Amino acid sequence: MRMWFVCRFCCPAAQSNSNPEWEAKVLEYFKGQLREKESHSWVPSLNDVPLHYLKPNSLVKFRCLVQDMFDPEFYMGVYETVDPSTKANVLRCGKYKDVTECGVDLNSRNTVTAERQTFYCVPIPGESPWAKEISFLSAARVVPSTSYVPSRQKRSYEEDDDDMDTQPQKQREPHTGGMGETPQIQPHGNGDSKRQETEAPSSQTTAPSDCSSHLDLNFPLPGERGPACLVKVYEGLDSFKLNDTLEIYGILSVNPVLTVLGEEKDPSLLLLNPTESMETPEEQRAHDPPASLVPRLHMLYARPLQHNNPLLPSAPTEDQSAFVSSFLVEMASVRAELLAYLTHVLLGDGLAAEYLLLHLISNVYTRRDVLPLGKFTLNLSGCPLNSYTERLYQIVQQLVPCSYRLSMSLHTMNSMRLVPKKDYVANRLVSGALQLARNTSLFLDETQLEQGQLDSSGVRNITALGNLISWQKVDYDFSYHQMEFPCNINVLVTSEGRSLLPSDCQVPLQPQVTPPNMEEYLTTIHMAQFTSQINKFRVYLSLARTLDYSISDEVTKAVEDDFVDMRKDDPQSVTAEDLHRMLVVARLLSLSLGQTTLSRDGWMRAKHIDMLRRSRTEQQKSLNGNEP
Amino acid sequence: MSSPTSTPVGSKRSRDDIPVTRKFYRNRLSESYLQSYVDMSSPLMYGTPSSRVEGTPRSGVRGTPVRQRPDLGSARKAPQVDLHTELPSADGAVASEQAAGQKLVIWGTDVNVGTCKEKFQRFLQRFIDPTSNEDENAGLDLNEPLYMQKLEEISVIGEPVLNVNCSHVQSFDADLYRQLISYPQEVIPTFDMAVNELFFERFPDSILEHQIQVRPYNALKTRNMRSLNPEDIDQMITISGMVIRTSQLIPEMQEAFFQCQVCAFSTRVEVDRGRIAEPAVCRNCNTTHSLALIHNRSAFSDKQMIKVQESPDDMPAGQTPHTTIVYAHNDLVDKVQPGDRINITGIYRAVPMRENPRQSTVKSVYKTHIDVIHFRKTDEKRLHGLDEDSDQKLFTEERVQTLKELAAKPDVYERLSSALAPSIYEQEDIKKGILLQLFGGTRKDFSQTGRGNFRAEVNILLCGDPGTSKSQLLQYVFNLVPRGQYTSGKGSSAVGLTAYVMKDPETKQLVLQTGALVLSDNGICCIDEFDKMSDSTRSVLHEVMEQQTLSIAKAGIICQLNARTSVLAAANPVESQWNPKKTTIENIQLPHTLLSRFDLIFLMLDPQDEAYDRRLAHHLVALYYQSEEQIEEEFLDMAVLKDYIAYARTYINPRLNEEASQALIEAYVDMRKIGSGRGMVSAYPRQLESLIRLAEAHAKVRFSDKVETVDVEEAKRLHREALKQSATDPRTGFVDISILTTGMSATARKRKEEVAQALKKMIQSRGKTPAMKYQQLFDDLRGQSEAAITKDMFEEALRALADEDYLTVTGKTVRLL
């Protein structure tokens, strides 16, 4: 419905071209419309709806990560066409479009060249299945008619154009009359709901672009599926960064011409044209993949995502703050339930559960020169072998919206590409497993590591992981130099002994129960939780991370005194590093209880659990003897 | 090579054609000379130079062939020039239009050929730049017209290329400069004409391969690849970047040669927007479709595609570098290699995607590239060892003003050192040391007097307990300086530090890949876990840290690279904790030869005192809850600090004044005196050099061109502080420089000698016993001596005696000689 405005809106304005502000107005209009309550959920999402059910040139949204930024390109912002029959010159607008209309007069002096940039966007890597499912279902609930009946696709272009002419008139009326309230009643419900029934499950089971698997779509993580998208960005180029997670609203373009242009290799044409012959086939494949696989999206508006948890209101509006304040009341009780749940999962170890909970809400909230503050890498040592870590990951995955388990076997460490690398032949950034969105939970399973030799790429991978943990940055490989990209990834390391990777905090697991059948035990725990309960946990974890936090002067003083006292007793055992860690623990502990300032109690609690943890590691050391 | 419109040419036939046409060609050649020299596309493109010289000697403008300039493109065919409707005359380059002052200007521009030529000739004849310090102008008289000297050079050397610095043009005639930037493809040919007229007027007898081509460089308009925008199209720009890929040489047809197969009449067709229109009818015999393309008589020019990537320094954080396609033509082909950092001056072009006649719609995207006019390698100087003006950052007036204001403050030194790594608590002296390292001393070149280069870089070693934020300090420095490298001793090999030879997968050539030390030339190389480095790796550092060069002999490549890098290293004690009872050398187990190359060695120890703890706690807690604004402020500080350092490094070169020299001498003599009282050497010339470097760096911090006594005082203080920490003999409590220079304190050495003497005495007292049991001797000595003697000491004593040729040790027996 709304999506048709795009075409209607752009073209007449461009043709007259009398009003230079029309572009700003278009953006204003869309932003205004999308600000309306729930309105963003009317827009079909590329993440959920298979591409072939979306109408070309319609408004769609896409929840994605900026994987690569291509070079800026110049396009014809305004161009002149000559109508072959009337010989009349017509000015046309090239913005938000990939192809021109017929008969472009390349020599026209009215041509205006404008600049835009292309981003290669992929769905958020490691998005948990539950997050996908919920966002899909919620979208489906609000917009049963976003997608098109397959038969419509077979109609010719002219018919679509007719539609476009007639539709707006039909649409404007209900829109002004508050269409938002009654989204179910749509003028052309010709079997939409039916399609929904038949298509919804299929698009869940078979990923939207099944056929894309044999084409390298450059997803950061192996086994990822979903559409990749070339997003054309017109405004605010500097505000976007690599690895940003965005929700992009834009006009979908899948013009088959794009594909034909790319595929066509007429040697006689290419030879004399210097620019085209210069592109290697790899580059062409990377930059002009078939539009049916990698659709183009002309961005109207992009919303940076603070999180991709569909259970939380995404827009930072007043209803979000209302949501937060209503949830804050529950916070403590949800925390207790979650702690109990995690304690069960961690075989009855309450302390480890406490630390795991703190780890799950940790977040790099700022950087002081090179030092990232707020990171809390946890090393769970003493994990039972066999499939325990795998099950543990599954449970973590159920709780967080984004996660990835990296099994650190010798083979994967030696063969996997963790660090993104620039491929100069194809002129693109080849992704690696460490190109992750903010607040992704990275689960490093060191129990999988066996004895053997790491080769040079293995050593590089381990170094990259170490850098990630200590500095929260990844040095992308640009072959002639390296480039540093800061990141914000929660790293959880599970290991038998102390991990070979650095960590902020090591907790040796002390199981209180030894279930005979681990699998069964964990499955029962998992099954015992209701979905509503799990959903509460999910909201809790995402929300606790976003809270503000401060320390009052009084408490600062108390902490200082405490530190001095501790040092007095035993200067060797308490170092600046310990204070760093305790401050982070205190912060996370307060936030986990929904408290936004540090209280004396909070500090004492933090000290207490840190002491418990330390005594446990000491114990471990004396037990093993050989620990450093 | 074939054009879509060309008819297939049998190779046999074309070979047969050659003898016939050679003569014809000569006739045509002379004809073309008579034509106007505006004809830029003379047919002389393919004759070898020798074949030309064999003819009658020629000179003068008319005698020298014009070489086509594909870099400028064909101006008259630019699509936006709609000549055919407004100007029927085919040759549009100097077409006229009634402009305001009844002047002839090139169509679509405000360039009047005559005026422009005149202005440029005046520029060449008059421009003097007395302050020039460019390396290209080395050996020229700065008070004479610069470009006339260059023309003279051309007449001597015979390389017909004149490089013109655009900033010179700008300072001479701003309007001319504007025209040059805005209409390069019209103005540069005019410049060519002007310079050739001038040249042959002055040197009528010189013979050149082709006419002189003007190559402007250093256009100030665009500096950064990122700032290129549609307004720059068809303008002259200069950008910097790094070459990432070069293509094979591409022969590009400039002019096609057609011959009628019926009457052998020949005709030439120029390339028009990448196409050649095949003449359908022979003008001579009116036969249709009888013309065939003769490849080896057509004119080709060399062309190469080069991909250039934005240099990492120009990039905003969090974005990927942009790349641009660059086309090099003729002699600029193969001038650059992947990995080179270059400045490119060229014309920015945008070409619409080829319209496919079979399709009604086209992609509305332009392909952009740069036709290069001038290359300038920015890292070339690294090999020649000249001054580093390539690193010159452009500072705005205001920026310079703020920096100077900052420098005028009396406490600038303290301010800057506290702005350094604010997240690291206190350690003021270490921060000050690092600050001075960032500024560096003054580079002195005595190579002409045979004494070589003196090191200007300050090297610093941090050692101390683990967890005293040494790594963090290194990371900070690495992030602060533009050419910083960060390596860990554990992970780096000698090869990774120096250079290695690699086979390029594409060209199969052996390529020298430089390692961290070479890459941080003019920067700082941060080496963490210095103690974990293997001995072979460490040995590489000896040369780098004193001579500032790196010699490589590998896979047939023998060379010496400059590695003028400061080393900032961090080392952990061998035992996990620092042992205060041992000397620095014993604690970190590094060879003293290497240690003595560090100007400053700091210990980062846990002070273990209550007041310190309190301040530390306060600092850390503040770190964790500081508001956004405060953080913002600090970021500003880091940017200012960066600029401040860059400015001082490029523009300030302090020299010692008289008092400062005196102060240094006194300081050195004092240092020597301390030791001589106790019978040991407490300072070496190396220490004096360090003092000088530190004093110079401190003067740089103040933006002062003179090193004054204050600088020397601070250098002395810092040096003493560092020595106090690292060279204190734990046995005596005195500062003893020999710990660092020889690896052993003077008292320890004395002790060693005493033991050796005692042993000798004991053996002598036994009378004639040619062989003794080792163990027994040891026990005897232990029994005799009052002080405890360890096995190590005993062995050392034996070794000392063996060196005196007094005895030898074989297995378990000791023999007298």
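Predicted model: local features only at pLDDT ≥ 70, side-chain atom pairs only at ≥ 80, totals over all residues.
**Notebook: chain B**

Residues are numbered from 1 along each chain as its sequence is written, chains are lettered from A and ligands numbered from 1 in the order in which they are written, and side-chain values use heavy atoms, with hydrogens and water left out.

**Arg126(B), continued.** I placed Arg126(B) in helix H4 (residues 113-126) of chain B; helices are DSSP runs of H or I with at least four residues, strands are runs of E with at least two, and both are numbered from the N terminus. Leaving aside neighbours within four places in sequence, I found Arg126(B) in contact with Pro145(B) and Phe172(B) (contact means heavy atoms within 4.5 Å). From Arg126(B) to Phe172(B) I noted 46 residues in sequence and 9.1 Å between C-alpha atoms.

**H7 and H8.** I then checked helix H7 (residues 174-182) and helix H8 (residues 184-202) of chain B, which pack at about 120° with axes 6 Å apart. Axes are lines fitted to C-alpha atoms, for helices over the stretch in contact, and angles run from 0 to 180 degrees between N-to-C directions. H7(B) and H8(B) are therefore oblique to each other; under 35 degrees counts as roughly parallel, over 145 as roughly antiparallel, 65 to 115 as roughly perpendicular, and the rest as oblique. On the H7(B) side I listed Leu176(B), Gln179(B), Leu180(B), Ile181(B) and Ser182(B), which meet Pro184(B), Val187(B), Ile188(B) and Phe191(B) in H8(B).

**The parallel sheet.** I traced an open sheet of five strands in chain B, ordered S14-S17-S20-S13-S21, with parallel pairing (two strands pair if DSSP finds at least two bridges between them). Its edge strands are S14 (484-488) and S21 (600-604) of chain B, each pairing on one side only. Within the sheet, S13 (residues 460-464) and S20 (residues 566-571) of chain B are joined by four bridges, and I found Leu461(B) opposite Ala569(B) in S20(B). Helix H12 (residues 428-439) of chain B lies across S13, S17 (524-528), S20 and S21 of chain B, at about 145° to S21(B).

**Whole chain.** I counted 27 helices and 26 strands in chain B. Of its 817 residues, 51% are buried.

Notes. Buried < 20%, exposed > 50% of the residue type's maximum accessible area, 1.4 Å probe, protein only.
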